[in-house]
Each structure stands twice: as C-alpha cells, then as structure tokens.
Amino acid sequence: MSQETADVNAAIAAELQLLDPTVRASQSLAARLLDPEFVEVGASGRRWTYEEMLAALPGLDGGDGGGDGPRFETSGMTGVVLAPGIVHLTYESGIDGRRARRSSLWRKQPGTTSWRMYYHQATPVPGP
C-alpha cells in the first residue's frame, strides 16, 4: 500500500469516527479528532470554530451517545492527498431524511501520528 493510500484511509477512518454517536457525545474524544485551528461551514451556513463545535457537538445531529437517535449514513466517500500531511475527503451524508454533500480537509502536523480535521463544509442536497 502506498503512503498516499494509507493517508487517505487514515483520514477516512477518522472522519467515520467523528460521525459515530459515541464520539460526538464526548468532548474529549472529539477533541482528539479536531485540529485546534478547526473551522466548519455547516449545512445551515453557520460558521463554527473549534471551541464552538466541541461545545455543541453532543447536541447536534447524530450526537446521542445512547444510540437511540438517528445516525449518519455516508456514501461515496473518497479522498486525495493534496500535499504531504493534507488529505481532502468528499462524500454525501444522510440523517433523518436530510442529505448533504460534504468536504473535509484533514492534516497531520509534522512530528505527530494523528490526523485531525482542519476544515469541514456541508452543502444541503435539495429534495426531489
């Protein structure tokens, strides 16, 4: 397996972790996956910072650690290495009847072993 393939696979695995209700319900688990400089532009158009996202994540869609609420479903997740330590992922998600096209930038800082989400954007997919 090439290093680029390994990097894309690691970013995909980390993205899927962030969609897991148990991770979303835990600020400490989510903090390990979000870059301190993280920014998101959500499907609503709202801009989120690292601190705002960690505070809100447990109450957002898919964030019920009990597993009783709706869960994210993903399709078509692919990735590409843009530069050493930078992976761009794209995919579609669905939750509770709503779909969005998503784009994430993951980075691995020199001297570290973990990938962290640096930027995320969601764009709603119009209904039929």
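This is a short tour of the model, one selection at a time.

Before you start, note that the model is predicted, with local features needing pLDDT of at least 70, side-chain atom pairs counting only at pLDDT 80 or more, and totals for chains, interfaces and linings using all residues. Residues are numbered from 1 along each chain as its sequence is written, and side-chain values use heavy atoms, with hydrogens and water left out.

**The sheet**

Begin by colouring the strands. Six of them form an open sheet with mixed pairing, in the order S2-S1-S6-S5-S4-S3. Here strands (E, at least two residues) and helices (H or I, at least four) are DSSP runs numbered from the N terminus, and two strands pair if DSSP finds at least two bridges between them. Select S2 (47-49) and S3 (73-83) at the edges: each has a single partner strand, so one side of each is left without a neighbour in the sheet. On average, neighbouring strands are turned by 15° against each other, direction ignored.

**Helix H1**

Now show residues 3-18, helix H1, which packs on the sheet and touches S1 (34-41), S3, S4, S5 and S6 (116-124). Contact means heavy atoms within 4.5 Å. The direction of H1 makes about 140° with that of S3; axes are lines fitted to C-alpha atoms, for helices over the stretch in contact, and angles run from 0 to 180 degrees between N-to-C directions.

**Walking across the strands**

S3 and S4 are antiparallel, with eight bridges, and Ala 83 stands opposite Ile 86 in S4. Zoom in on their hairpin, which has two residues between the strands; there Gly 85 takes a positive phi near 85°.

Next come S4 (residues 86-95) and S5 (residues 98-107), antiparallel and joined by ten bridges. Pick Glu 92 to find its bridge partner in S5, Arg 101. S5 then pairs with S6 in the antiparallel sense over eight bridges, and Trp 106 has Met 117 in S6 as its bridge partner. From S6, step to S1: these two run parallel and are joined by four bridges, with Val 39 partnered by Tyr 119 in S6.

Leaving out residues up to four places away in sequence, His 120 touches several residues, including Glu 15, Phe 38, Tyr 91 and Arg 102.

Then move to Arg 71, in the loop between helix H4 (50-56) and S3. Arg 71 counts as partly exposed, at 45% relative accessibility. Beyond neighbours within four places in sequence, Arg 71 is in contact with Asp 20, Pro 21, Gly 94 and Ile 95. Draw a distance from its C-alpha to that of Pro 21: 7.1 Å, for residues 50 apart along the chain.

**The largest pocket**

Finish with the largest pocket, whose volume is about 540 Å³. A pocket is an open set of points on a 1 Å grid over the protein atoms alone, where a 1.4 Å probe fits, with protein on both sides within 12 Å along at least five of seven lines; lining residues have an atom within 4 Å of a point. The volume is the space filled by probe spheres set on the points, which are joined across faces, edges and corners.

Select Arg 24, Glu 40, Ala 43, Phe 72 and Arg 102, which lie nearest the centre among the 28 lining residues. H1, S1, S4, S5 and S6 each give two or more residues to the lining. By type, the lining divides into 16 nonpolar, five polar and seven charged residues, where Ala, Val, Leu, Ile, Met, Phe, Trp, Tyr, Cys and Pro count as nonpolar, Asp, Glu, Lys and Arg as charged, and the others, Gly among them, as polar.

Conventions:
Buried means under 20% relative accessible area, exposed over 50%, partly exposed in between (1.4 Å probe, protein chains only).
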